[in-house]
Amino acid sequence: MQNPGSTTPDRVGRFPAQARFADGAQYIAGRLRKGTSGRTHAVTDPATGEEVLTYELAGPDDVDAAVAAARAAFPAWAGATPGERSDALHRFAAVLADRAEDFARAESLQCGKPLKLTREFDVPGTIDNTAFFAGAARHLQGQSAGEYSGDHTSYVRREPLGVVGSIAPWNYPLQMAAWKILPAIAAGNTIVLKPAELTPLTSLLLAQAATEAGIPDGVINIVTGTGREAGEHLVGHPDVVMTSFTGSTAVGRRVAEIATATVKRLHLELGGKAPFVVFDDADLDAAVQGAVAGSLINTGQDCTAATRAYVQRPLYEAFVERTAALMETVRLGDPFAPGTDLGPLISHVHRDRVAAVVDRARAYARVVTGGEAPQGDLENGAYYLPTLVTGAAQDSEIVQSEIFGPVLVVLPFDSDDEGIALANDTPYGLAASAWSRDVYRANRATREIKAGCVWVNDHIPIISEMPHGGYKASGFGKDMSAYSFEEYTQIKHVMFDNTAVVRKEWHRTVFGDR
């Protein structure tokens with residue numbers, strides 16, 4: 001396993017978070033303020049364990065203040081024309097582009113992502129999303145008018161909902177914040193977002209950039225606190241009309257339970273256990289490259305990451321051998337070093353969870369490569385070697401549970417029917433991929449695999465114009481695309497009587513002469 005270099009002593013200085021957020025890590029009504037929970041939290045660099053920022057956590061009072069600010073801002077923002085909201089979002093995209101390096105460094109520092117990944121993927125993707133929803137804001141359309149009942153004309157209006165309360169995860173904090181904020185505000189809603197307390201930096205930068213772009217105070221608010229205190233209070237708040245949550249299926253159930261009490265609209269993007277199905281006519285080299293990239297993206301901390309490779313038996317042995325060899329060339333190291341391919345996991349606690357799953361699997365499966373933390377220069381960080389496992393049973397923990405780390409399990413299959421059945425044999429259904437040169441075979445897989453996205457001869461790419469969301473225990477609702485935009489609206493039927501005088505017949509039919 002290659003190591004491109006030890007961590008550098010001035011990493012925290014590359015994004016001075018303590019100075020940038022000296023006024024606090026809550027962004028309410030257009031300004032930073034300190035949290036009122038009476039407790040603090042430290043953001044740490046997972047590559048070194050070094051403290052990046054200590055801040056006061058949000059409590060219920062901060063959530064109440066943020067919701068009040070969003071509620072106060074809603075009438076004017078909802079009453080703005082689609083063109084005015086679109087112009088504001090275009091300005092927002094321009095500010096993000098100007099601040100791209102700040103965002104990339106902050107994201108790398110708090111998450112441990114390689115800087116080349118945040119520069120080339122996370123930040124450009126967020127800017128593109130902003131530009132997409134700037135255009136979408138002009139298309140808040142109902143349906144054409146029609147006479148469906150006698151002398152009446154009906155049409156449908158799409159209207160904003162009100163205050164949206166959203167909770168974003170720590171694995172893609174910038175992009176997940178954008179996926180929640182942008183469609184909500186493009187449709188005329190206001191929002192209170194709770195980022196993960198581990199990774200608040202880029203969400204706060206995003207809200208500040210929105211203010212700089214001229215988006216009114218209170219339209220975007222950030223409360224940084226724990227899920228149990230700030231998150232549950234936000235979900236249960238009576239003035240929040242919609243909850244959008246991205247995270248584990250277990251926590252998603254708790255969010256749904258709380259939201260149901262106040263009959264909120266729900267949007268849930270939950271766990272995943274993506275199958276990677278390789279048929280025996282696939283391009284083996286391409287599949288191996290795809291498996292390594294797809295399983296190790298963001299150090300495997302991705303709900304759509306390839307985690308279960310099912311390989312038809314004629315290719316199985318070669319696939320395992322080549323995938324293990326390629327994994328062993330992946331370079332772990334300082335996320336700010338140009339040669340780094342793979343950074344650390346988000347924390348030592350999470351690294352230990354991943355390691356525990358792999359260690360338990362040794363009793364029933366074979367760890368072909370990896371399966372441990374690296375030593376030497378990287379041992380102070382939350383690093384874990386790229387890991388390939390074979391010989392596990394379909395019903396085993398390592399095949400069925402979401403590990404959220406750089407771990408790929410490979411299993412053989414014989415018939416096409418068996419491969420597709422195994423792909424569907426988990427509670428999850430967020431993403432999958434099928435690898436074949438036969439268009440009919442690939443098309444069958446896209447039809448029969450139960451997942452919100454099925455790639456063919458690729459794994460992981462996403463685009464702003466297309467929806468992202470799951471089936472089964474992976475949740476419901478879509479991020480990105482026009483489908484996401486529509487979810488942040490409500491539909492109203494408007495009906496006109498076209499006669500010149502008030503019609504009496506309907507009233508007489510119901511109530512009689514009176």
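1. The largest pocket is lined by 37 residues, of which Trp-170, Gly-247, Ser-248, Val-251 and Arg-353 lie nearest its centre. A pocket here is an open set of points on a 1 Å grid over the protein atoms alone, with protein on both sides within 12 Å along at least five of seven lines, and its lining residues have an atom within 4 Å of a point. This is a predicted model, in which local features need pLDDT of at least 70 and side-chain atom pairs count only at pLDDT 80 or more, while totals for chains, interfaces and linings use all residues. Residues are numbered from 1 along each chain as its sequence is written, and side-chain values use heavy atoms, with hydrogens and water left out.

2. The space in the largest pocket comes to about 1100 Å³, a volume being the space filled by probe spheres set on grid points that are joined across faces, edges and corners. Helix 8 (227–236), strand 10 (240–246), helix 9 (249–261) and helix 12 (348–361) are the elements that give two or more residues to this lining, and helix 9 gives the most, with six residues. Helices (H or I, at least four residues) and strands (E, at least two) are DSSP runs, numbered from the N terminus.

3. The second largest pocket, with a volume of about 520 Å³, is lined by 24 residues, and those nearest its centre are Leu-117, Ala-293, Leu-296, Ile-297 and Asp-341. Two or more residues of this lining come from each of helix 5 (115–136) and helix 10 (284–296), with helix 10 supplying the largest share, six residues.

4. The largest cavity has a volume of about 180 Å³ and is lined by 15 residues, of which Tyr-172, Met-176, Trp-179, Asp-302 and Thr-304 lie nearest its centre. Helix 6 gives the most to the lining of this cavity, with three residues.

5. Ser-433 is found in strand 18 (residues 431–435) and is buried, with a relative accessible area of 0%, where buried means under 20% by a 1.4 Å probe on protein chains only. The side chain of Ser-433 makes a polar contact with the side chain of His-459 (2.8 Å); such a contact is a pair of N or O atoms within 3.5 Å, one able to donate a hydrogen and the other to accept it, and residues adjacent in sequence count only if both atoms are side-chain atoms. Leaving aside neighbours within four places in sequence, Ser-433 is in contact (heavy atoms within 4.5 Å) with residues including Pro-275, Phe-276, Trp-455 and His-459.

Note on methods. 1 Å grid on protein atoms, 1.4 Å probe; cavity = no way out; pocket = protein on both sides within 12 Å on 5 of 7 lines; lining within 4 Å. Buried < 20%, exposed > 50% of the residue type's maximum accessible area, 1.4 Å probe, protein only.
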